[in-house]
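Take a look at the sequence and the structure below.

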There are 2 protein chains.
Amino acid sequence: MESRIERIKKQLHGASYKLTPQREATVMVLLENEEDHLSAEDVFLLVKERAPEIGLATVYRTLELLTELKIVDKINFGDGVARYDLRQEGATRFHHHLICIECGSVDEIQEDLLGEVEKIVETRFQFTVKDHWLTFHGICKRCKQKENKKK
Amino acid sequence: MESRIERIKKQLHGASYKLTPQREATVMVLLENEEDHLSAEDVFLLVKERAPEIGLATVYRTLELLTELKIVDKINFGDGVARYDLRQEGATRFHHHLICIECGSVDEIQEDLLGEVEKIVETRFQFTVKDHWLTFHGICKRCKQKENKKK
DNA sequence: ATTACTGCAAAGCCTTTGCATGTTC
DNA sequence: GAACATGCAAAGGCTTTGCAGTAAT
């Protein structure tokens with residue numbers, strides 16, 4: 001069984017890029033923190049632990065490259081910082097996010113809930129959908145439980 | 001019949017803010033360009049035409065204020081610039097956007113297509129939805145027509 | 001008078017770029 | 001050795017902040 005990193009390596013080679021040690025370290029950090037939504041700075045600090053010589057610019061360049069190849073998605077939750085999120089292998093659409101306005105947590109919904117909505121958009125607005133970005137703002141499960149305990 | 005600007009004035013007063021000439025000019029620009037997605041700089045240039053003394057910082061502060069009061073929504077389409085979009089009166093949810101990857105146009109869908117999806121999110125993920133952000137990327141009606149004409 | 005608001009310029013922050021050095025095939 | 005990739009520092013672009021002056025109650 002081929003590993004995820006090997007498949008990413010092939011993807012890079014296919015686009016005539018190399019998987020340098022710095023790029024590999026960056027990808028590893030993303031794989032190990034798949035649940036998180038790391039900023040370039042976050043990634044940089046984590047990559048430094050395994051490749052101390054790396055520069056911030058290289059991290060930015062690598063993240064840009066991975067975004068271009070659709071290996072990661074670049075998102076902005078409105079705080080002025082770009083965050084990077086690994087795309088599920090083979091996914092044609094970006095997954096959805098749940099942002100809690102109480103605790104700031106960001107959860108993911110991997111399942112695509114927009115199938116029907118996209119059909120409406122395609123027919124009613126004659127817009128051919130290639131991808132989507134969907135984020136909900138509200139109160140997460142954990143914060144609601146906390147609220148209930150107080151009562 | 002009360003005008004939109006008067007209602008916004010009352011909203012400001014209700015939150016103990018004043019509708020100064022600068023703020024009024026800014027709101028007027030937003031009302032007159034309701035279809036667009038103006039950046040702070042865009043707003044600044046347009047406001048200057050009717051209030052030449054205004055400073056960019058005041059525009060930023062006004063837009064922040066209007067965002068806080070939910071009169072406008074601040075959005076980021078991924079180009080590193082914040083854009084400001086008037087919220088429909090009485091709307092509890094932000095409207096959807098269609099971004100064309102060919103021509104860069106941004107269209108709006110005022111109708112809320114997420115009713116059913118929100119129900120799923122609420123029950124399956126126990127997340128109480130307060131608002132949502134939905135953007136589609138794809139090819140707009142106009143670009144598709146252009147493509148067809150070529151053939 | 002006190003409080004809110006403005007304009008200007010400076011500072012801040014995130015991100016990109018230029019360039020010399022290093023690496024790879 | 002030609003093309004690509006890196007690290008550092010500098011530059012860039014958008015946004016916020018400090019502060020002195022102005023307006024409003």
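In this predicted model, the largest nonpolar core has 28 residues, and A:V121, A:F136, B:V121 and B:F136 touch the most other members. Contributors of at least two residues each are β4, α5 (115-124) and β6 (128-139) of chain A, along with β4 (96-100), α5 (115-124) and β6 (128-139) of chain B. A nonpolar core is a set of buried Ala, Val, Leu, Ile, Met, Phe, Trp, Tyr and Cys residues joined through side-chain atoms within 4.5 Å. Buried means under 20% relative accessible area (1.4 Å probe, protein chains only); exposed means over 50%, and partly exposed lies in between. In soluble globular proteins, nonpolar side chains tend to be buried together.

**How to read the values**
- Residues are numbered from 1 along each chain as its sequence is written, while chains are lettered from A and ligands numbered from 1 in the order in which they are written.
- Local features need pLDDT of at least 70, side-chain atom pairs count only at pLDDT 80 or more, and totals for chains, interfaces and linings use all residues; side-chain values use heavy atoms, with hydrogens and water left out.

- Beyond four places in sequence, A:V121 touches A:Q126, A:F127 and A:V129 in chain A, plus B:L98, B:I109, B:L113 and B:F136 in chain B.
- Contact means heavy atoms within 4.5 Å.

**A:H95**
- A:H95 sits in the loop between β3 (82-86) and β4 (96-100) of chain A.
- A:H95 is buried, at 5% relative accessible area.
- Its side chain makes polar contacts with those of A:H97, at 3.3 Å, and A:E108, at 3.4 Å.
- A polar contact is a pair of N or O atoms within 3.5 Å; within protein, one must be able to donate a hydrogen and the other to accept it, and residues adjacent in sequence count only if both atoms are side-chain atoms.

**A:C140**
- A:C140 lies in the loop between β6 and α6 (141-150) of chain A.
- A:C140 is buried, with a relative accessible area of 1%.
- Leaving out neighbours within four places in sequence, A:C140 contacts residues of chain A, including A:C100 and A:C103, and also B:Q126 and B:F127.
- A:C140 and A:D107 are 33 residues apart along the chain, yet their C-alpha atoms are separated by 8.7 Å.

**Chain A as a whole**
- Chain A has six helices and six strands.
- Helices (H or I, at least four residues) and strands (E, at least two) are DSSP runs, numbered from the N terminus.
- Of its 151 residues, 42% count as buried.
- The C-alpha trace of chain A spans about 50 × 45 × 35 Å along its principal axes.
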